[in-house]
Amino acid sequence: MPSPTPRIQPGSFLTLHYRLAGPGGDIINTFNDKPATLTLGSGELSPAVEKRLIGLEEGAHCTFEIPPGEAFGDRNPDMQQWVARKLLNQMGDPLENYQVGEVVQFPTPDGMASYAGSVVQVGKDGDGDGKADAVLFDFNHPLAGHGVTFEVKVVGVL
């Protein structure tokens, strides 16, 4: 009797092709390159995406529409913050010319990792003294508050 086709379970080691698209098109697409290899539950994919993988068989090819807010949370207006140019100069290149839409990496306080913020506005810090230049960053995930399309082809399940 042939063995059953392997199915994805929590903790499965996977090889898969996947595409994640937001309102502006593809964010990640491995279909034209090597497949990704990861362990389900390790945090490499959002919980909303992982939930849709559970139970899929090896060889499955599916597309899921994930509603706004579920895949990457809702947009939080408190995640937009002005950062003084003085602080930016201390953390990076003092000659950096920040542009709207640019993504900047910031070190975590312990210096062991980083997180990203996208430039929303370049200008004064808004305190009224007109002295300190600052940059307004959005630290929300770029897809926060947006619906996403997740397409997957499961190559292997261990």
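Mentor: A nonpolar core here is a set of buried Ala, Val, Leu, Ile, Met, Phe, Trp, Tyr and Cys residues joined through side-chain atoms within 4.5 Å. Keep in mind that this is a predicted model.
Trainee: OK, how many residues has the largest nonpolar core?
Mentor: It has 22 residues, and Ile8, Leu14, Leu53, Phe150 and Val152 make the most contacts inside it.
Trainee: Which elements each supply at least two residues of it?
Mentor: β1 (13-22), β3 (36-39), α1 (47-53) and β9 (148-157) do. The most comes from β9, with 5 residues.
Trainee: And what is Val152 in contact with, leaving aside neighbours within four places in sequence?
Mentor: Its partners include Leu16, Tyr18, Phe31, Leu53, Leu56 and Phe64. A second, separate core has 9 residues, among them Val83, Val104, Phe137 and Phe139.
Trainee: Switching to Thr30. Where is its place?
Mentor: Thr30 is in the loop between β2 (25-29) and β3.
Trainee: Buried or exposed?
Mentor: Thr30 counts as buried because its relative accessibility is 11%, and the cut-off for buried is under 20%.
Trainee: Last thing, confidence. What does the chain average in pLDDT?
Mentor: The average is 89, and 93% of the residues score at least 70.

Terms used:
Residues numbered from 1 in each chain as written. Predicted model: local features only at pLDDT ≥ 70, side-chain atom pairs only at ≥ 80, totals over all residues. Heavy atoms only, no water. Buried < 20%, exposed > 50% of the residue type's maximum accessible area, 1.4 Å probe, protein only. Helix = DSSP H or I, 4+ residues; strand = E, 2+ residues; numbered from the N terminus. Contact = heavy atoms within 4.5 Å. pLDDT = per-residue confidence, 0-100.
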